[in-house]
Amino acid sequence: MQQLLTTEQMRAADQHTIRREQITENDLIDRAAGAFVSLFAVEYPDRNLAIDIYCGPGNNGADGLVIAGLLQQMDYQRLIIHLCDFDGKAQPAFLVKLEWVRKKKLTIRSLGVVSDFEAFPNGIIIEALFGSGLNKPLAREWAELIALINQSGAHIVSVDIPAGLPSEGVINPDWPVVEAELVISFQRPKINFFFPESATAINGFIIADIELDEGFIQQQDGVFHLVTENDIKQIIKPRKRFSHKGTYGHALVIAGHEDTMGAALLASSACLYAGAGLTTAAIPSSGLTALNTALPEVMYVPSLRLSDKASLQSYSAIGAGPGLGKSTETLNKVSLLLDAGKPLLLDADALNCLAQEKTLLEQIPAGTILTPHMKEFDNLFGKHESWWERIETARDWTKRKQFVIVLKNQYTFTINEQGKVFINPTGNPAMAQGGMGDVLSGIILALLAQGYHPAQAAITGCYIHGKSADKLARCQATIRASELAAGIPQILYELTK
Ligand SMILES: NC(=O)C1=CN([C@@H]2O[C@H](COP(=O)(O)OP(=O)(O)OC[C@H]3O[C@@H](n4cnc5c(N)ncnc54)[C@H](O)[C@@H]3O)[C@@H](O)[C@H]2O)[C@@H](O)CC1
Ligand SMILES: Nc1ncnc2c1ncn2[C@@H]1O[C@H](COP(=O)(O)OP(=O)(O)O)[C@@H](O)[C@H]1O
């Protein structure tokens with residue numbers, strides 16, 4: 001997993017690197033600027049582009065100054081530096097780099113008043129006003145300048161992080177923030193890049209490697225981790241020689257209602273494709289013909305027959321919720337499952353019923369996986385004003401009750417029993433269609449049935465789900481949940497070969 005760092009941890013990594021390599025802060029700024037321009041030149045190769053570089057008073061501004069000098073060395077012809085220091089707080093590193101850049105034949109303007117703002121029409125603004133040193137919302141001249149930058153019509157490229165966006169913590173959508181087309185960030189994405197409230201500030205980001213000590217970074221005791229394909233390859237076990245259907249577990253999918261039988265079919269098919277040895281669907285009898293036609297490999301049990309603990313004993317893992325409907329019957333079934341002593345996944349209406357009977361939350365057994373989207377999460381655990389607070393609540397619950405929460409979103413967060421957060425990098429907007437969640441629960445259930453640890457099943461399931469969608473999205477704009485499910489075996493093949 002890639003450890004994501006808070007600003008404080010990133011500063012510690014800077015200091016560690018400075019000590020270990022016996023370099024100075026100024027050297028690190030040069031390195032950061034060098035890494036920035038290498039990526040910038042790939043994204044914007046035209047040397048005749050008009051580029052305005054807006055520099056603030058701290059190290060972020062110092063980066064901007066060196067970036068300007070390096071772009072000049074790379075033959076970018078139309079560069080103008082704008083110095084912005086409304087508060088008269090220029091930092092030492094900034095002053096050193098200013099002296100350096102003044103020796104070059106570059107146009108340098110001081111922005112005394114905001115109304116002097118100018119930018120090349122259709123040009124590029126490299127925004128280096130504030131980076132991770134932001135310590136309060138931007139106000140007065142800064143807020144006005146940001147509004148002008150955003151309205152300029154220029155392509156905005158931010159250095160490290162858009163000015164005004166905090167690196168971690170609550171993002172208040174009312175705070176002024178630069179709206180960057182691209183952010184070139186150093187070493188690691190900031191934690192807040194993965195929260196939906198950053199959407200206004202960030203259209204896309206790429207990471208510039210500034211060669212901080214990776215060993216030190218990975219040793220930090222961080223909460224947030226970005227999942228990588230390598231991690232997933234290490235978790236997934238290839239199918240064994242001499243194995244048989246009994247080796248891969250028996251999954252029970254409790255899902256579907258007369259009007260929502262598709263949810264049960266989607267979850268069951270994903271469970272099959274993700275490799276459960278046996279899959280049984282507990283659905284209303286009205287769905288039997290559809291089940292036999294669409295998924296002949298899946299067995300059937302009338303949901304009414306699952307009436308006591310003994311009736312659940314033959315299953316290796318149970319997933320309940322997709323399309324079940326909010327009813328007393330569903331609530332009774334969920335109560336029974338909480339006491340079944342089996343690896344358990346609760347989704348959709350199973351969660352909606354728990355939300356109506358909150359005392360049951362305390363009875364959720366350790367190791368259970370809950371897969372809510374934002375609305376289901378808030379129904380269960382209370383309304384939240386920000387995603388940061390939502391994650392804090394999820395961490396409190398998982399640590400206290402030892403269950404796992406999969407909070408679904410563009411970047412789905414899996415929160416494990418220790419309160420660690422694992423951010424899923426796969427997936428895309430072509431997935432924004434009904435039925436996707438049903439497929440996700442089917443995949444995770446299949447992994448649970450195969451004996452994967454709950455948090456690993458959740459992390460791996462999210463990755464496979466998004467990766468199957470990413471493959472389809474290479475040549476199609478929208479994806480049906482059933483297509484995504486059918487793509488799972490190929491993804492598993494790629495991840496295990
Ligand atoms: N490891 C890394 O990530 C590295 C980061 N570097 C750069 O250093 C930046 C951080 O530099 P700094 O810590 O100097 O911070 P910034 O350059 O982000 O800003 C610091 C200055 O802004 C002031 N300030 C903060 N919030 C303000 C507000 N709302 N209104 C007015 N003034 C405000 C502070 O008092 C301080 O004077 C990073 O974003 C990055 O660009 C690189 O230069 C070196 C390595
Ligand atoms: N824009 C997107 N980017 C990445 N993943 C997405 C996107 N839109 C939806 N998804 C994924 O699709 C699934 C939707 O789940 P859910 O809201 O429960 O859907 P449903 O109830 O319709 O099955 C989640 O796993 C979510 O992460």
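Reader: How many bridges join strand 3 to strand 4, and in which sense do the two strands run?

Author: This is a predicted model, in which local features need pLDDT of at least 70 and side-chain atom pairs count only at pLDDT 80 or more, while totals for chains, interfaces and linings use all residues. Residues are numbered from 1 along each chain as its sequence is written, and chains are lettered from A and ligands numbered from 1 in the order in which they are written. Helices (H or I, at least four residues) and strands (E, at least two) are DSSP runs numbered from the N terminus, and two strands pair if DSSP finds at least two bridges between them. Here four bridges join strand 3 (residues 78-83) to strand 4 (residues 107-110), and the two run parallel; L83 has S110 in strand 4 as its bridge partner.

Reader: Through which helix does the chain cross from strand 3 to strand 4, and how is the hand of the crossover read?

Author: A crossover is right-handed if, with the strands pointing away from the viewer, the path from the first strand over the helix to the second runs clockwise. Between strand 3 and strand 4 the chain passes through helix 4 (residues 92-102), and this β-α-β crossover is right-handed. Strand 2, helix 3 and strand 3 also make a right-handed β-α-β unit, in which six bridges join strand 2 (residues 50-55) to strand 3 in the parallel sense, with I51 paired to L79.

Reader: Which strands stand at the edges of the open sheet?

Author: The sheet has eleven strands in the order 1-9-18-17-16-15-14-13-10-11-12, with mixed pairing. Strand 1 (2-3) and strand 12 (299-302) stand at its edges, each with a single partner strand, so one side of each has no neighbour in the sheet.

Reader: Which domains does the assignment give, and how many residues of each take part in the contact?

Author: Domain bounds come from an automatic or database domain assignment, which here gives domain 1 (2-220) and domain 2 (229-496). Counting two residues as in contact if their C-beta atoms, placed from the backbone, lie within 7 Å, the contact takes seven residues from domain 1 and eight from domain 2. The C-alpha centres of the two domains lie 41 Å apart.

Reader: Which residues come nearest to ligand 1 and to ligand 2?

Author: A residue is near a molecule or strand if its C-beta atom, placed from the backbone, lies within 6 Å of it. Around ligand 1 there are 32 residues, of which G58, N59, N60, G131 and G133 come nearest, and helix 3 gives the most to this shell, with four residues. Around ligand 2 there are 18 residues, of which G427, P429, A432, M436 and G437 come nearest, and the largest share, four residues, comes from helix 14 (residues 436-449).

Reader: Which residues does the UniProt "binding site" annotation cover?

Author: UniProt positions are given in the numbering used here, feature names are shortened, and annotations may be inferred rather than shown by experiment. The "binding site" annotation, from an unreviewed entry, covers K408, N409, Q410, Y411, T412 and G437. These residues span 30 residues in sequence, yet no two of their C-alpha atoms are more than 13.5 Å apart, so they gather at one spot. Among them, Q410 lies in the loop between strand 16 (404-407) and strand 17 (413-415).
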